[in-house]
Every structure is written in C-alpha cells, then in structure tokens.
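The following note concerns helix packing and disulfide bonding in the model shown below.

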Amino acid sequence: MRQRVFELRNAVLRQFAATLAVSSLVILIGLGGASAQSGAPAPDQGKAAAQPADAAKDTAQNQRRTDEFAEAAQVISGPAGNPECVWLGRRVVRLMWRDDLDTAFRHLDLYDRFGCPGGHIQAAFRCLTRFGGQIDPKVAETLDSRVHACWINPASQPQQAAATASQPAAPTAGNAQPQPAASPSPAASPSPAPPK
C-alpha cells in the first residue's frame with residue numbers, strides 16, 4: 001500500500017513539473033513576441049541613429065577648435081600662438097581655475113617642453129580671475145570661452161570694471177551724489193598737569 005501511495009505521489013509531482021515547465025516556456029515566448037512588437041528601437045537601431053548626430057557634433061567641435069587655433073595664431077605673435085601652446089596653455093589655465101593643481105603642473109611641464117612662454121599662462125590666469133563673477137560653474141562652455149578670450153587678450157577687462165574706469169573721477173555738479181558724513185573725531189582727553 002505504501003508503495004502505491006509513493007507511486008501516485010511521484011506521478012502527481014512529475015505531472016506538476018511538466019505543466020510548470022510548459023507554462024513557463026509559453027510565458028517566455030509570449031513576452032519575447034510582445035517586446036518585439038512594442039515599438040521600442042533595437043539597440044542597433046538606436047546606435048545607428050545616434051551616430052550621424054554624434055558625427056555632426058564632433059565635426060562642428062573640431063571646426064570650432066581649428067578656428068580658435070587659427071585666431072590665436074593671427075592675434076598672438078610668437079610661440080604662445082602655436083597650436084600646441086594654445087591647447088596646452090588653455091588647459092593649464094582651466095585646470096588651475098578648477099583647483100586641479102597637480103594635473104595643471106603636469107600639463108605645465110609639457111607646455112614648457114614645447115618651448116611655450118610661461119608668462120602667457122600667468123597673464124591669462126590673471127585675466128580669468130578678473131572675470132570670476134561672470135563664469136557659471138554649471139556651464140562648462142562659459143569657462144571655456146572665457147579662457148580662450150583671456151588667452152587671446154590677457155589684458156581684457158570685465159565690462160563693468162571697464163565702464164567704471166572710463167567714467168570721470170570727480171562728479172560734476174549736476175551728477176553730484178551725496179557723500180557719507182565724516183565721522184567726528186574723538187575729543188582729546190585732557191592731559192594731567194605736571195606737578196610743581
């Protein structure tokens with residue numbers, strides 16, 4: 001009797017396992033067919049569509065860099081206008097601004113090896129510090145454009161500072177602004193009389 005119970009139990013378990021395997025296979029096939037018809041692009045299609053856009057972006061960026069190097073060569077006389085000096089020098093100034101001094105010094109070694117003038121980096125960084133308030137740290141393009149502008153013309157001044165420097169020092173009568181009142185000087189304390 002015991003043997004019949006075990007055989008019946010084994011037959012039920014085998015039937016359950018077979019049913020579970022078949023139903024799992026049907027579900028997997030159904031999910032595969034549904035995902036194929038879902039309209040989601042296949043990974044190859046997404047990459048193929050992104051490649052022309054990336055290629056156009058890379059081409060535009062390369063053209064912009066080439067134009068910047070050509071502009072630097074025309075404006076700056078001497079080795080500071082050479083493309084390798086422009087590329088390394090701007091990179092050093094950018095890294096110094098971001099407080100990555102270790103990497104900046106390693107790039108500065110390369111900059112020196114190419115025979116580029118170190119004084120130009122100092123002047124460009126000095127210029128960049130004058131524009132500190134106008135650089136948005138969240139937008140990398142503002143820093144890059146300002147570094148390039150300071151590399152091309154290290155003597156450039158921010159607009160506000162240039163406007164205040166061009167105004168006359170003494171105000172005219174029509175534009176006179178009230179000056180703050182001078183603080184009164186403290187009264188002198190009496191000194192003790194010398195003994196007689």
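At what angle do helix α3 and helix α4 pack, and how many Å apart are their axes? The points below begin with this pair; the model is a predicted one.

1. Helix α3 spans residues 83–97 and helix α4 residues 101–113; they pack at an angle of about 160°, and their axes lie 8 Å apart. Since angles over 145 degrees count as roughly antiparallel, α3 and α4 are therefore roughly antiparallel to each other. Their crossing is left-handed.

2. On the α3 side, the contact involves C85, L88, G89, R91, V92, L95 and M96. These meet L101, T103, A104, H107, L108, L110 and Y111 of α4. By class, the contact of α3 with α4 comprises 10 nonpolar, 3 polar and 1 charged residues.

3. The model contains 2 disulfides. With the bonded cysteines numbered in sequence order, the pairing reads 1-2, 3-4.

4. C85, which belongs to the α3 contact with α4, is joined to C116 by a disulfide with an S to S distance of 1.8 Å. This pair links distant parts of the chain, 31 residues apart: C85 lies in helix α3, and C116 in the loop between α4 and α5. The link is left-handed, with -80° about the S-S bond. Both C85 and C116 are buried.

5. The sulfur atoms of C127 and C150 are 2.2 Å apart and form a disulfide. C127 lies in helix α5 and C150 in helix α6 (residues 140–152), so the pair ties together parts that are 23 residues apart in sequence. This link is left-handed, at -65° about the S-S bond. C127 and C150 are both buried.

Conventions: Residues are numbered from 1 along each chain as its sequence is written. This is a predicted model: local features need pLDDT of at least 70, side-chain atom pairs count only at pLDDT 80 or more; totals for chains, interfaces and linings use all residues. Side-chain values use heavy atoms; hydrogens and water are left out. Axes are lines fitted to C-alpha atoms, for helices over the stretch in contact, and angles run from 0 to 180 degrees between N-to-C directions. Helices (H or I, at least four residues) and strands (E, at least two) are DSSP runs, numbered from the N terminus. Angles under 35 degrees count as roughly parallel, over 145 as roughly antiparallel, 65 to 115 as roughly perpendicular and the rest as oblique. A crossing is left-handed if the near helix is turned anticlockwise from the far one by less than a right angle, and right-handed if clockwise. Contact means heavy atoms within 4.5 Å. Ala, Val, Leu, Ile, Met, Phe, Trp, Tyr, Cys and Pro count as nonpolar, Asp, Glu, Lys and Arg as charged, and the others, Gly among them, as polar. A disulfide is a pair of cysteine sulfur atoms within 2.5 Å. Buried means under 20% relative accessible area, exposed over 50%, partly exposed in between (1.4 Å probe, protein chains only).
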